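The following note sets out points for the reader to check against the coordinates.

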Amino acid sequence: MTNTPKAYDEMQRPDGSVTSPYTGYNAWFTAQDPARLESKSREAEAFFRRTGITFNVYGQSEAQERLIPFDLVPRILSHREWTKLSKGIDQRVRAINAFIWDIYNRQEILRAGRVPKHLIAHNEAFLPQMMGFTPPGNIYTHIVGTDIVRTGAGDFFVLEDNARTPSGVSYMLENRETMLQMFPELFSKIRVQPVSDYPKNLRRSLAASAPPACTGKPRVAVLTPGIHNSAYFEHSFLADQMGAELVEGHDLRVVDGRIAMRTTRGYRVIDVLYRRIDDDFLDPLSFNPDSMLGVPGIMDVYRAGGITIANAPGAGIADDKAIYSYMPEIVEFYTGEKAILRNVETHRCAEPEALKYVLDNLADLVVKEVHGSGGYGMLVGPAASKTEIAAFRKKLEANPASYIAQPTLSLSTVPIFVDRGLAPRHVDLRPFVLVSPDGVNITPGGLTRVALTEGSLVVNSSQGGGTKDTWVLED
Amino acid sequence: MLGKTAGGLYWMFRFLERSENTARLLEAGFRMALTRSSDAESEWRSVLTTSGSRTLYDEKYDTYTDTQVMDWLLRDGDNPSSVVSVMKAARDNARLVRTALTTEVWEAVNDTWMTLSDLLKAPVSPVELPGVLATIRKQSALVRGALHGTMLRNDIYDFARIGTFIERADNTARIIDVKYYTLLPSASAVGSSLDNVQWEMILRSVSAHRCFRWLDEQDMTATAIADFLIFDRRLPRSLAFCVKQTTENLRYLEEEYETRHPCHDLADKLRGRLKSLDITTVFEQGLHEVITEFIRDNNTLGAQIENDFRFIG
């Protein structure tokens, strides 16, 4: 696909002048020797490789570990832009938690007819085991990654609410570390809000959600599927940074109504489990009986108040792409306010009229699977060949309820560093949000993902995307 | 500490030790093959036996040529003891226990793995071999240095050291075992030239050929060499040294955890057994028998440690 000429560039206005958040950076950049930046860029790659900041790609037996390319030009947001964004995110995650509680308890929103019942009843993310249960502090989504895209100066949209186990926060932290090491002088010239408190805040936030059975200082552990998982680096990184144990399912068992981990000195109780495995694998007694990754009986302990599981099982009901299209109603229903952040216009293919529209306009739309994730199983109409569109049409007609469609957004661009200088590339943004009984905490910035190929709109790391450090300027 | 983490540390350092041992064996074998080409086949056979991979090798190859054995010991993924396989296993364990390692140790292991994977991407020619072996030695010194220089002296360190010495004791004992017949005292006071070559091979396999000349005032005899490898506590690869280290690290764990396990008794017994012997009684009881018994007891101790500290559920 070719670069749409009207894409909004966050650094440079059409007349060539530089936007205000980038003024300081631009002055610094133009004074740099490109050869030095070139060598810094290679240095960064060597640094990532040496420290093992890699991700595994499923289905690639050789070279299983790859780096996510890092671009040294930061993505910069002004204090004002961020304030508006963070207010909108705050409002949205509060509504999401209220929504999930309601779905598993009184279901008022269904009774009020604002969200159709069948979307819940037939939803794979809905867990009947959660009915009538309230997790500690009413928190379901302790960690949220809200995907934001931008199309104009003031036009921010939420693309997805990742309410299950959002990943990428380790890259946010390591990208900033890398920038601080490579260009310390930049940070003395330009005042950027720090992100390094995230691990401390994560730990505090998890500890604040300890279960009723916890008596002393809450003991936190991170549950990983193991070293072959694509995000294993992040799991060990977060455990390390929080000073928490990194456990796998086979390290855990139920002991006297609590979850305990096997240590060299016997079993020790865990109070809060930050799990990075899907609901389905959490408890072979309650869900997928073949799961080797989870802990048999953990759901019973959970419901009895013996452990806090973060995020709560069944929280995925809120980030389903079909539910997504109802988010403006959901926000209004629970907060009594209009949603501050806009949704991307979404056509639900389950509805005959919408389906007809989508089928007629496949070449212009992005079609996504309702339950899919990470850019797999989707069609980007304008980038697809006629054959691909025809093949996708068949899939869509066979199972329309599994899909939603959205207009192809003209994502904003931010320059990346290429051999001849700067070149615009499309970006998105995933801010990381912590929710605890003490409140909502949003780390200023987040992870900016960038499509490295000219004109490409696909920013997923599994499909050739890279990342940037994201700056929110001090006021 | 998680039992799994203790196990990961123990195995990480067993594998690191093994990579160095394999490289050393290869070095000694290669030297034999160069200097005494008529015996090359049988020397390679005993190198493979010592490395514990001969059965697998024989399933794959019918002959024992330099390049084949070199490739098998350095690069072959079918050989679980090849340098590449062992380094991969060491790094996988390091990833597993990453939260227990200092940045320096993790980066040293990761760097070692990256360097060796790159170096061993393609078959190594005999001309390149000395350089490759030197790199392997250098990399393991890097990891060891990072461990000694940066890790807290706590249970994490103890499990790392116990893995190292259980593996090293096993390795030295295997070398003696495979070559025991050349170490039997013979009627002649001075060994034949053939014996001398064999003895040098043995000493090289434990990087002790120079130490021996430095330390030992006696002539090079079978008895002196066996005594040196089994009992000399100045030699960091002797059985007595390894057992002493294992016992001490286990004792630190006993103090820190305030718990005595069956493995502590086993370790004390093994150490006591070595102390009750000297080289004369070893030959009276049979070198082969004594060493076989040692290998068995050392393995039993390893298994008991895994069990007592709950490496696996």
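1. Strand 14 of chain A is joined by two bridges to strand 17 (residues 403–407) of chain A, and the two run antiparallel. Within this pair, A:His347 has A:Ala405 of strand 17 as its bridge partner. Strands here are DSSP runs of E of at least two residues, helices are runs of H or I of at least four residues, and both are numbered from the N terminus; two strands pair if DSSP finds at least two bridges between them.

2. This is a predicted model, in which local features need pLDDT of at least 70 and side-chain atom pairs count only at pLDDT 80 or more, while totals for chains, interfaces and linings use all residues. Residues are numbered from 1 along each chain as its sequence is written, chains are lettered from A and ligands numbered from 1 in the order in which they are written, and side-chain values use heavy atoms, with hydrogens and water left out.

3. The sheet is open and antiparallel, with four strands of chain A in the order 14-17-15-16. Strand 14 (347–348) and strand 16 (379–380) of chain A are at the edges with a single partner strand each, so one side of each has no neighbour in the sheet.

4. A:Leu202 lies in helix 8 (residues 198–208) of chain A. Its relative accessible area is 1%, and A:Leu202 is therefore buried (under 20%; exposed is over 50%, partly exposed in between; 1.4 Å probe, protein chains only). Beyond its neighbours within four places in sequence, A:Leu202 is in contact (heavy atoms within 4.5 Å) with A:Ile143, A:Leu238, A:Met242, A:Tyr274 and A:Leu434. The C-alpha atom of A:Leu202 is 9.4 Å from that of A:Val433, 231 residues apart along the chain.

5. There are six cavities of 30 Å³ or more. A cavity is a set of points on a 1 Å grid over the protein atoms alone where a 1.4 Å probe fits but cannot get out, and lining residues have an atom within 4 Å of a point. Points are joined across faces, edges and corners, and a volume is the space filled by probe spheres set on them.

6. The largest cavity has a volume of about 110 Å³. Helix 1 (3–35), helix 7 (129–150) and helix 8 (155–178) of chain B each contribute at least two residues to its lining. Among the lining residues are B:Phe13, B:Glu17, B:Arg144 and B:Arg161.

7. The second largest cavity has a volume of about 80 Å³. Helix 16 of chain B gives the largest share of its lining, five residues.

Technical notes: On a 1 Å grid over the protein atoms alone, a cavity is a set of points where a 1.4 Å probe fits but cannot get out, and a pocket is an open set with protein on both sides within 12 Å along at least five of seven lines; lining residues have an atom within 4 Å of a point.
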